[in-house]
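Have the viewer open while you read.

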Amino acid sequence: MLIELKIENFAIIENLTIEWGSGLNILTGETGSGKSIIIDALGMVLGGRSNKDLIKTGAEYAYVEAVFSFYNEDLSKFLSENGFEIGELIVLSRQINRNKPSITRINGRVATQSVMTYISSKLVDVYAQEENQYLMSPKNQMDLIDDFCTIEHKKKQENLLNLFEEIKKYEEKKASLENFESSREREIDLLTYQIKEIEDANLTPYDDEDLENDFKKFSNSSLIRENLEATLNLLRGDYEVSAVEDGIDKAVSFFSNVKKFEPDLDEIYKELENIRFNISSVYKEIESYLENMDIDQEKFMYLEARIDTVNSLKKKYGYNIEEINKFKSEAELRLKELKNFEENLNNISQKIDELYKESSNLAQEISKDRKTVSKWLEENVEKEISKLNINNARFKINIYEKELSSTGIDRIEYMISTNIGEDFKPLSKIASGGEMSRIMLGFKSIIASKDNIPTVIFDEIDSGISGMTANIVGKKIKELSNDRQVIVISHLPQIVSKANSHYKIYKEINKNKTRTYVKKLKNSERVGEIARLIGSEEITDLTLKAAKEMIEGVEND
């Protein structure tokens, strides 16, 4: 349950801490005293929207903290899996800053808003007056029935949603094929040309680098010959210098005379002999290369044409032979797909039909689940609203079949007849404000029992009711608080008198600043507050007596 709520710099609240009790907690106060602000602050820390306008004038931030005691195995597991510490308490906090992003924390650790919303949904159910509109929506009416269904039912819903997502993908693919049919022949022609162009080239690994090297060699053959001949001339001594080979021979002869007397020069002698041998070998190889060098003009023309072909293909289809062949493979696959257009279209249509059939069967099962739960819900809602002084009311859930969609084949409408002899009419058109409040209270009672939510909050659920009906609603709320914590904002003495803990909210002006305070009332103080609610400008002995009797009447129940 909610143990403590701390609020700082929120709207007209500067600093406020409320310690809540078990059972029925009721807040009262003059209009504009800040009752709904407290619920707004609680809603924000539970994952609702934040607004910097809510920061108190002159403050840089607003801070709300809610402390709960709890034991919930599923929630404990969720907290643990998401890295939050687990103890006897769970502390939710949220700070909105004027010049910085807001910060949400669970047990002191920063949390995302989605995680906060999930956790708070397991701790608190908040009902505000505007929530009456919730039951008006056909979608919400269906969601409420689904919430009462089994886990298996929810898995069926998820499977149906997944099937429709798959159907959507196939239908998009089918539409794409159908829209593409007009340009299919044009693409087939283009792909056929591209594949043939690559095939005709008969590309091999040689065409990647070796072809270019050969072409460079042939295109520079004159330069090669010129430089090789110049090298031979130098070695032969044709540049008006002595032949290199003759010079080395003379050096070897000189050294042969010297090494007889100087053995230490023997190694140099050997090096000179090696040089003489290598120069002679180089000379013969260059000479042989030149003798065999033949500039084949026909081959040169072939290489020139070949390299133009390969470079053209590289520009179109890839920067090397591997990329060109990859493009060709992909083009062949695409061409096959286009040529098998009718077959592919038929296969997709068949797959869509199969998915629709599977979806239809699943939707029938989901509809059956909803109809079973609807019967149960009809009976329980009728019981609850009859206890809330709508004695002759009858409640019915109509389930119509509609076109299959991701939610199934059901269109749901809540129907009610509030008087004997009247036909059933849509809930959205027949129920008054007071009746809707009581119907919603009936639903909340059923939901709270099912979900085992430890804290239920009602913000002015007593709107539109009075007198005996108010007393009946008060008894129902009191009954609801027997096995959970209930927090109520109310202005009806019939309801307020039933509180286990009664809090008065009031404002004071000090130094031109308005501040909101909350005081937990003692029994003697409660009498005066209830007397005020009874409805006279001045509290008299009669209103005090009536207030006291109301409280004693509850205590004697």
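R184 is buried, with a relative accessible area of 14%; buried means under 20%, exposed means over 50%, and partly exposed is in between, using a 1.4 Å probe and protein chains only. The residue sits in helix α5, which spans residues 151-201. Helices here are DSSP runs of H or I with at least four residues, strands are runs of E with at least two, and both are numbered from the N terminus. Not counting residues up to four places away in sequence, R184 touches L338 and F341, where contact means heavy atoms within 4.5 Å. R184 and F341 are 157 residues apart along the chain, yet their C-alpha atoms are separated by 8.8 Å.

A quick word on what you're looking at: this is a predicted model, in which local features need pLDDT of at least 70 and side-chain atom pairs count only at pLDDT 80 or more, while totals for chains, interfaces and linings use all residues. Residues are numbered from 1 along each chain as its sequence is written, and side-chain values use heavy atoms, with hydrogens and water left out.

Now for another buried residue. A448 has a relative accessible area of 1% and counts as buried. You'll find A448 in helix α14, residues 433-451. Leaving out residues up to four places away in sequence, A448 touches I453, V456, L480 and R484.

Strand β6 covers residues 103-106, and I103 is part of it. I103 counts as partly exposed at 29% relative accessibility, and R105 counts as partly exposed at 30%. Beyond neighbours within four places in sequence, I103 is in contact with S93, R94, Q95 and V110. For R105, with those within four places again set aside, the contacts are V91, L92, S93, V110, A111 and M116.

| Pair | Sequence separation | C-alpha to C-alpha distance |
|---|---|---|
| R184 and F341 | 157 residues | 8.8 Å |
| I103 and Y63 | 40 residues | 9.5 Å |
| R105 and F84 | 21 residues | 9.9 Å |

Next, a look at the backbone. Most residues other than glycine have a negative phi. Which way does phi go at A11? A11 has a positive phi of about 55°, although it is not a glycine. The residue is in the loop between β1 (2-10) and β2 (13-19), and A11 is partly exposed, with a relative accessible area of 25%. N107 also isn't a glycine, and its phi is positive at about 50°. That residue lies in the loop between β6 and β7 (109-110), and N107 counts as partly exposed at 24% relative accessibility.

On to helix packing. The axes of α2 (residues 73-81) and α3 (residues 113-123) come within 10 Å and cross at roughly 160°. Axes are lines fitted to C-alpha atoms, for helices over the stretch in contact, and angles run from 0 to 180 degrees between N-to-C directions. The two helices, α2 and α3, are therefore roughly antiparallel to each other; angles under 35 degrees count as roughly parallel, over 145 as roughly antiparallel, 65 to 115 as roughly perpendicular and the rest as oblique. From α2 the contact uses L75, F78 and L79, and from α3 it uses V115, Y118, I119, K122 and L123. These residues divide into seven nonpolar, no polar and one charged. Ala, Val, Leu, Ile, Met, Phe, Trp, Tyr, Cys and Pro count as nonpolar, Asp, Glu, Lys and Arg as charged, and the others, Gly among them, as polar.

How do α4 and α12 cross? The axes of α4 (residues 138-148) and α12 (residues 341-387) come within 9 Å and cross at roughly 95°, so α4 and α12 are roughly perpendicular to each other. M142, I145, D146 and F148 of α4 meet R370, V373, S374, W376 and L377 of α12. That contact divides into six nonpolar, one polar and two charged residues.

Finally, zoom out. The protein has 18 helices and 15 strands, and 42% of its 557 residues count as buried.
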